[in-house]
Amino acid sequence: MSTTVPTRTAPGASGAAAPRPPGAFLEPGVLLAAVAAGGAGVLALWWTGTDAVVGADGWLTGAGRITGLLAGYTCAILVLLMARVPAIDRGAGTDRLARWHAYAGRCAISLVLTHALLITWGYALTTHTDVLTQTGTLVVDYPDMILTTIGFGLLVATGVVSARAARRRLRYETWHLLHLATYAALYLAFWHQLALGNDFLGNRAARVAWYALYGGVAALVLWYRVLVPLRTGLRHRLRIAAVREEAPGIVSLYFTGPHIDELQAQPGQFLRWRVLARGLWHSAHPYSLSAPPSNGTLRITVQAAGPHSTAFASLAPGTRVWAEGPYGALTGQHQRSGKVLLIAGGVGITPLRALLETLPGRITLIYRARTEAEVAFRGEIDTIAARRGATVHYVVGRPEGQPAGSAWPFHPDLLTRALPDLAEHDVYVCGPDGMAEAAIAAIRKTGVPRSRIHHESFAL
Amino acid sequence: MRRAALTTVSSVAGIVLLLSLKPHSTAPITAATDDGQSGSSGNSSAAAPDSGTTGSSGGSSDSGGTGTGSGTTTAAGARDGTFTGSAISTRYGPVQVAVTVANGRITNVDVVQVPTRDRRDREINDYAVPQLTSETMDAQSTAIDAVSGATYTSQGYIRSLQSALDQAHA
């Protein structure tokens, strides 16, 4: 059922020209193995280019070169993870890629800082100058180093504002804009790698490989983050066809437009929605499809929570919208067995509502909501459940004695009482992070392997 | 946090391991290993640099160096004049020196060419070349130490110096 694309996805052209068989995706394990192999290749490049490590300056400079090579490689991987390549996205999932990206980002910042420090220190020891003088020489006199220093500053600044603590205090838009500055930083810092990198000087093959790595990643970003969204927006010209309130503060929006089935959106996936209206057009926000696409109509369901979702929930029919995507790996592609448990928390019901209708096999839905009023789609869910013979447990509120934030009702005993054969199930989880963590922890204890737990975090 | 600490520690350990697996001394520099890849030979009268012998049959009356096999040549007994050594190609570019001998003493070493491909090469030359030259003047022979951080330049320097002194003894 799943087709593995074994190679690292080639830059741009091939992905666009040949129509992909729907469902082709890159297994996350294959992706990680390819990334690790590339890292080993980078170390091999240093190994073959170094004869001896002599003296303190030799050790420092050697370590500086290794960290520099790894930093350059990690930066390329960082961008690759955010390139929204469909095959990668549908395999690993957008949320997981974002977490990997954040992790790789912390590694890259550490490597870049270490590289700069060690090289300066090592060179200073070699030339018998102090570190400050050597820093000045490096920045001013070495080719491409002024640009690199600017890029270094941008990269470190972005790292600082992306740190979890700082990010909470920033508006998403500000954070996002600063993040785009890293593209400039990587471009500026790229050239010194080839002009000064000891392992690239006199090694044509290594230079070609480095150009291919950066050029390939740049092409993927240009293609999948700029050109494909532009084309999708222009081709489908989506409009809001209807608006329906599902529950207080929870609104479904229906979209129509030409060629919608070409999007090949699968139930469980989301799109990034950009409203072409004053004050809204500049940012795209992810919302899951809350029903399988049908009759040329897409439906999303939005809970008015933040300023953006509130604006979204009050849009009028006829509003023009661009949708980018579809994205996400919370789909039937990853289903392994004929028994499925869906666990929804609050507005996390939206993708699971679409899966409830479409996943094959025997389905159980646990729908967690704080209040009766928060339960959306009750009529739809009951109708689908009756037709399919699915079991639905609405778990509303919290009994006395269960403090807010406790793992209730996600306890292994409670779950296995409801589903004695839980261990044979595929489990799909979507909800607030705390609830999702509690649910996944409990499910793991009942013996469901991690590979059969499919989770998507809201926090992209 | 624990993962970050683990990643950091294992990365540092990995890098230290890689560095420690490399040899920690430069290959012994012996002028006798010169493989004769000279790009140019300064003096037409010069002996071929790969002959590996100092001219004991020449006009020199003194011991003429510490022996042909040892790879070290002293200035004692050398003819007066300026002798340009072979250009020795190194990983970073050719190194070539010219040595001036007067009364059996090296009075000057000129660097004809050293690697100047980039700023770092020049930076290394700026401190390594004067050091090599002063070592040569002190030792009055090719028995000088490589300068730390300038291994390739040192090797090229010593071998070119050897070839120049060979000519002085011819």
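Student: What does A439(A) touch, leaving out residues up to four places away in sequence?
Tutor: The model is predicted. In it, A439(A) touches I343(A), F410(A) and V429(A), with residues up to four places away in sequence not counted.

Student: Which residues have the most contacts inside the largest nonpolar core?
Tutor: A439(A) is one of them, along with V79(A), L342(A), L352(A), L365(A) and Y428(A). That core has 118 residues.

Student: Which helix gives the largest share of this core?
Tutor: Helix α3 of chain A, residues 55–81, with 15 residues.

Student: And what lies apart from it?
Tutor: Another core, of 24 residues, lies apart from the largest one. A87(B), I124(B), I144(B) and A150(B) are among its residues.

Student: OK, chain B then. What is its pattern along the sequence?
Tutor: Chain B reads α-β-β-β-β-α-α, which comes to three helices and four strands.

Student: How much of chain B counts as buried?
Tutor: Of its 170 residues, 40%. As for contacts in chain B between residues at least 6 apart in sequence, 60% join residues at least 24 apart.

Student: How far apart are the end C-alpha atoms of residues 59–82 of chain A?
Tutor: They lie 35 Å apart, and the span is 96% helix and 0% strand.

Student: And residues 208–227 of chain A, what are they made of?
Tutor: That span is 100% helix and 0% strand, with its end C-alpha atoms 26 Å apart.

Technical notes. Residues numbered from 1 in each chain as written. Chains lettered and ligands numbered in written order. Predicted model: local features only at pLDDT ≥ 70, side-chain atom pairs only at ≥ 80, totals over all residues. Core = buried A, V, L, I, M, F, W, Y, C linked by C-beta atoms within 7 Å. Buried ≥ 20, exposed ≤ 12 C-beta atoms within 10 Å, placed from the backbone. Helix = DSSP H or I, 4+ residues; strand = E, 2+ residues; numbered from the N terminus. Contact = placed C-beta atoms within 7 Å.
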